[in-house]
Every structure is written in C-alpha cells, then in structure tokens.
Amino acid sequence: MAETKQSAGILGLGSYVPERILTNADLEKIVDTSDEWIFSRTGIKQRHVADEATATSDIAAGAAKRALAHAGIKAEELDLIIVATATPDMFFPSTACLVQEKIGATHAAAFDLAAGCSGFVYGLTVATQFIQAGLYQRVLVIGAETLSKILDWTDRNTCVLFGDGAGAAVIGPVPAGYGVLGVELGADGHGGELLKMPAGGSRRPPSAETVAQRLHYVHMNGNEVFKFAIKVMGEAAQKALQKAGMTDADVDYLIPHQANIRIIQSAAKRLQLPMEKVHVNVDRYGNTSAASIPIALEEAVLEGKVKNGDKLVLVGFGAGLTWAACVLRWYKEDSSVGE
Ligand code: UT7
C-alpha cells in the first residue's frame, strides 16, 4: 500500500511488572470467591500488584528502559513518548512527562493517551504516523497500568480480574514491507457507561460523598462488556487484515488483549486460528489493560514464537468503549534481549 511512505515498526520491546503476586487463593481470603470460579470463568490464576510506594510511571519507566536496551538506543535519542493509561499517577502532569524525566529522555515530547485497554494499539498507530510522515525517528509507546489502585477490593465482580504491569515498544523506521501494515481503530461512546470510574473528574469532583459511595473505583457491567468483546475482537482483526491486503489464512500469530480466556478463544475461532498460534498469559498476569498486549508481545518474542517476516495481529478492546487491531510484519535485526 504505502510504497512512498517510510515503513514503521517495532525496534525494541520491554515489560515490567511489580514483584508482588496475588493468587486466587489470596483473593478467597478477601472476597466471597473461589479459585474454581475465577479460573473457569476467566482463565486467571494470579496477577501482579504494585505496593503502596509504586505508581504507574515507576513501572512504565522500568518497561521503557528494557525496550530501549532491546532496541539498542539511548533515551536521549527519543523524539516522543506516548503513555497509554487509565491509571495515570495524577491528572497532570501527564505520566508520559514523568517517564521522560525518570529515563532521561531529554529531547522527547510527551503526552498521555486514553483509550482504555485498546490504548497500546492506539498509541502504536499514532507513533506509526509520526514515523511515516518523517517527522520523528524514534517514538516510545508504553501501555502502563496500576489498576489495583482503583479497584474496589470489596467488589468480587471486578477485583479478581485485573493486574498491574507495563509494556513498552520503541517505534522507528523498518524496511519496506515490514512493520505496521494495516490498522483498525474504533470507538462507541454509547457503551461508556459499561466500564468507568464514575467520580474524581469534572463531572463528579471528589467529595466525602463520592468517596463514601465508592465512586472512585472501577465500575463495570462485565456481562455486557463480554458480549461486546466477543463481537468486536474478531471483527476488528479482520478489518485490519483487509486493510493490509490479507486474510485470516495469512496470520502467523495472534497477540490478543488478555482480559479473559473465553474472549481470546472466541477471537481465535473467528479467525480460524488454532490456540498454538495465539499468545495467552492471562493466567499469570490477569487483565493489565493497556499493558497486556505489549507484555504478551514481548513474551512471545523472547520465547522465540515470533520470527522475522511473521505476520502478527494485535487486537484489543476496552473502556470507551474502544477497539483496536493492527497487522504487524515482524522485523528485528537482532532479536536478543537487551537487559
Ligand atoms: O479489558 C476490558 C475489561 N473488562 C472485561 O474484560 C470484562 C469482560 N467480562 C468478563 O470477562 C465476564 O463477564 C466476567 C468474568 C466479568 C463474568 O463472567 P460471566 O460468565 O459473564 O458471569 P456473570 O457476570 O454472568 O456472573 C455470574 C455469577 C453472578 O452470580 P448470580 O447473579 O448468577 O448469582 C455473579 O454474582 O457469578 C457471580 N460472580 C462471582 N462469583 C464468584 C461474579 N464475580 C464472582 C467472583 N467469584 N469473583
């Protein structure tokens, strides 16, 4: 398609998760739930949870350093940092600016992007435009979340589902025919009510009342989000493939958002992919929202499941409601880990 444009792809990947692990057995002691319920309904066994002193920018910076090492570039060489997150350290300054300072990316512009769990693929798409336009050479995209900080630990409907983590990718020029080949982004604001943090913003500023009503936590209609996800994951992936001039049969490996094993299996079925061609780590991390796709992608690359020339589909959905899919033809001169 874009012969005249500079191709853009991933030059390096990195992830970072907090050390502390919370198992389903630990959750059984906090809320009325069971390992059997959680695992059979979601595929989750454990998740990582940040301690009190750790915020989103801390784990984002950890992932960023690893991605820079993997790409073999210095922080000062970055032109732009995009952090996709629903759990910024604070409203402002942006978490991207905090990461810029932490890693010493003195020449980088920086901003946050809010697209829920679709945020990393949204960010990857934005970064790709800057490279293709020739405006920037090195863009760092990070999906980072500390969902544990906004979970209601008395609500079994939500607190068992999420985990903390960060995944980062350095985006830059790659040879023609590689990198990002097709993208499908979408949103449906009608579904905004289904997954939200009701208070704390300009609609309902924080007050003693909003705290007492537990409105500063994740509120979700899980069942409706589930139905939306089942529909949109396969659809979005197929639209991105179409834009890349490909079909289901061309997909070598699927990197889906890790929200629920049943949603992942349904997407694989729609794309007629055997589960061996699908990366799954929801059992170990839970749903890390915007971080889940880059964490899964790095893992797949490190495990040798992704080879140069492979056609990958990255696909996710999330609050907004939003969805995002991207066809990526993998290219890396040296796929060894940096740090
Ligand atoms: O990244 C986007 C973020 N959101 C998501 O990905 C969520 C998508 N949704 C889902 O993954 C699923 O809808 C859930 C895992 C959240 C729920 O699974 P479900 O099969 O849709 O269950 P359900 O909501 O229909 O609930 C079934 C029952 C309910 O009990 P009753 O009303 O039938 O008696 C719930 O109260 O399961 C109960 N339940 C639990 N039981 C034990 C809900 N959470 C729990 C729990 N432990 N943690």
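## Salt bridges

In this predicted model, lysine 29 forms a salt bridge with aspartate 26, and the closest N and O atoms of the two are 4.0 Å apart. Lysine 29 is exposed, since its relative accessible area is 70%, whereas aspartate 26, at 25% relative accessibility, counts as partly exposed.

Glutamate 299 forms a salt bridge with arginine 284, with 3.0 Å between the closest N and O atoms. This pair links distant parts of the chain, as glutamate 299 lies in helix H11 and arginine 284 in helix H10 (residues 282-285), 15 residues apart. Glutamate 299 is buried, with a relative accessible area of 10%, while arginine 284 is partly exposed at 30%. Through salt bridges that share partners, Asp283, Arg284 and Glu299 are joined into one network.

The domain assignment of the protein chain gives domain 1 (8-176) and domain 2 (180-329). The centres of the two domains, taken over C-alpha atoms, are separated by 14 Å, and the contact takes 48 residues from domain 1 and 46 residues from domain 2.

How much area do domain 1 and domain 2 bury between them? The value is about 3,600 Å², with 66% of it on carbon and sulfur atoms. On the side of domain 1, Cys117, Val121 and Tyr122 lose the most area to domain 2, and together they account for 17% of what that side buries.

Polar groups also meet between the domains, where the count is 19 residue pairs in polar contact, and the rule finds 2 salt bridges across the interface. Several elements each supply at least two residues of the side of domain 1 that touches domain 2, among them strand E1 (8-16), helix H2 (35-42) and helix H5 (119-132). The element that gives the most to this side is H5, with 7 residues.

## The nonpolar cores

The largest nonpolar core has 45 residues, of which Val160, Val218, Leu241, Leu254, Val313, Val315 and Phe317 touch the most other members. Helix H8 (222-243), helix H9 (261-270), strand E12 (311-318) and strand E13 (322-329) are the elements that give two or more residues to this core, and H8 provides the largest share, 9 residues. Domain 1 and domain 2 both give residues to this core, so it lies between them. Apart from it lies another core, of 35 residues, including Tyr253, Ile255, Leu297 and Leu328.

## Two buried residues

Threonine 33 lies in the loop between helix H1 (24-28) and H2, and at 16% relative accessibility it counts as buried, because the cut-off is under 20%. Leaving aside neighbours within four places in sequence, threonine 33 is in contact with Leu27, Glu28, Ile38 and Val160.

Serine 292 is found in helix H11 (residues 292-302) and also counts as buried, at 1% relative accessibility. Not counting residues up to four places away in sequence, serine 292 touches His257 and Gln258. The C-alpha atoms of serine 292 and alanine 166 are separated by 7.7 Å, although the two residues are 126 residues apart along the chain.

Key. Residues numbered from 1 in each chain as written. Predicted model: local features only at pLDDT ≥ 70, side-chain atom pairs only at ≥ 80, totals over all residues. Heavy atoms only, no water. Core = buried A, V, L, I, M, F, W, Y, C linked by side-chain atoms within 4.5 Å. Buried < 20%, exposed > 50% of the residue type's maximum accessible area, 1.4 Å probe, protein only. Helix = DSSP H or I, 4+ residues; strand = E, 2+ residues; numbered from the N terminus. Domains from an automatic or database assignment. Contact = heavy atoms within 4.5 Å. Buried area = accessible area lost by both parts, 1.4 Å probe. Salt bridge = Lys/Arg side-chain N within 4 Å of Asp/Glu carboxyl O. Polar contact = N/O pair within 3.5 Å; in protein donor to acceptor, adjacent residues only side chain to side chain.
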